[in-house]
Each structure stands twice: as structure tokens, then as C-alpha cells.
Amino acid sequence: MKGPFEYRRMRRGEVAEVCNLALRVFQEFVAPQFSPEGVRQFRNHTDPHLFLLRSQSKNFILIAADKAADKGEVVGMIETSYDGHVNLFFVDGRFQCQGIGGELLKKALEICRMRNPEMSTVTVNSAPSAVGIYERLGFRLAGPESSVDQIRSVPMILEISDADRQPAR
């Protein structure tokens, strides 16, 4: 949905807000399936300092901000590596099913394709509860569920067609 949302790169001063969004959505929708150690590992991964370091090197973070809110409340985020791996992807529960996730993914893929026009796949290690969401976005299963450092995930892949690989204009 393009509506009242602004899609753009995260700004340095928004790191804490974006981390808080990821943690809030994780806690509500994903954490119940994880062990206490898995939740702790996820919290470590979303430490604001590490988040900022990743966004300044091999990853970029896009946000969706609600233009209707006074200060442009961050309602969605995607962290993606430049080689096409989705690291984190969350939309506030109040704003889910409005096309925000699809638009964030589309814009992240445009950035990846600008860097690598030959990119043919995008990958993600989905939380088990998010597999259906990723399937609606075009991803398919790429292997069985596994657990690394007590974080459960399902590998998924999105094939990018030749037409989709053309650089964004």
C-alpha cells in the first residue's frame, strides 16, 4: 500500500525506534514458539549498536513510516543484505495485511538489483509462524526447519524472473 506511508532508508536517529518495533512484533508473534534462550539470542541480535553497525556495512534497513502520525511512527522495517538475504522483516500488528510488507520487500529488492542486476534469488530464514506470510510474498520452502543458537527457522527462497531483474528506473 502506498497510501499514508513513507518508504525509505532508516535514519541514524531512528535505530532505537526500529529495534523496538522489531522486538515488539517478535515478542507478540514469534517469541511464543521460541525457547527462553532463543528469545535471548534474538534480543542480542537486535541490540541497537549491532543494528547500526550492520546497517553501515553489508546490510541496509528500510522502514515504513505512518505519515498520519505526528512524528512519522515507524510501522514496518526490513533489514536486507546487499546480496539478497532478508535478515529481519517486521510490520506492526496494527498495520499488517495492508500491503506494507510487500512494498518494503519490493523496495529492498530494487536496491539489491541496482547493486547486482544479475541477482536471481532472495533468501530468508523465516520464523515458523511466518512461513505463510512469505509464501504470499512469493517465497517457497528451500529446506526443513532447523534451529541454530536456539532460534528456529525455515529456509525459504524467492526466484526473481528475468523481467524482474531489470534495474529499477
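Over the ring of which residue does the charged end of Arg115 sit? Select Tyr82: the charged end of Arg115 is over that ring, 3.8 Å from its centre. A charge counts as over a ring when NZ of Lys or CZ of Arg is within 6 Å of the ring centre and within 35 degrees of the ring normal.

Some ground rules before moving on. This is a predicted model, where local features need pLDDT of at least 70 and side-chain atom pairs count only at pLDDT 80 or more, while totals for chains, interfaces and linings use all residues. Residues are numbered from 1 along each chain as its sequence is written, and side-chain values use heavy atoms, with hydrogens and water left out.

**Stop one: the aromatics.** There are 7 aromatic pairs in the structure, a pair being rings of Phe, Tyr or Trp (its six-membered ring) with centres within 6.5 Å, called stacked with planes under 30 degrees apart, edge-to-face over 60 and tilted for the rest. Show Phe5 and Phe95: the ring centres are 5.8 Å apart and the planes at 85 degrees, so this pair is edge-to-face. Phe5 sits in strand E1 (residues 5–9) and Phe95 in the loop between E4 and H4, so to speak a link between distant parts of the chain, 90 residues apart. (Helices, H or I of at least four residues, and strands, E of at least two, are DSSP runs numbered from the N terminus.) Phe5 is buried at 5% relative accessibility, and Phe95 is buried at 12%; buried means under 20% relative accessible area, exposed over 50%, partly exposed in between (1.4 Å probe, protein chains only).

Next, pick Phe26 and Phe34, another edge-to-face pair, 5.5 Å centre to centre with 85 degrees between the planes. Both Phe26 and Phe34 are buried.

**Stop two: the largest pocket.** Its volume is about 1000 Å³. On a 1 Å grid over the protein atoms alone, a pocket is an open set of points where a 1.4 Å probe fits, with protein on both sides within 12 Å along at least five of seven lines, and lining residues have an atom within 4 Å of a point. Grid points are joined across faces, edges and corners, and the volume is the space filled by probe spheres set on them. Centre the view on Phe89, Phe90, Ala127, Ala130 and Tyr134, the closest to the pocket centre of the 38 lining residues. Then colour E4, which gives the largest share of the lining, 7 residues.

**Stop three: two buried loop residues.** Go to Thr46, in the loop between H2 and helix H3 (48–55). Thr46 is buried at 1% relative accessibility and touches Cys19, Ala22, Leu23, Phe51 and Leu88, leaving aside residues up to four places away in sequence. Contact means heavy atoms within 4.5 Å. Jump to Asp92, in the loop between E4 and H4 and buried at 6%.

**Last stop: backbone angles.** Most residues other than glycine have a negative phi. Select Cys97, in the loop between E4 and H4: its phi is positive, near 65 degrees, and Cys97 is exposed at 83%. Finish at Gln150, between strand E7 (146–148) and E8, with a positive phi of about 70 degrees.
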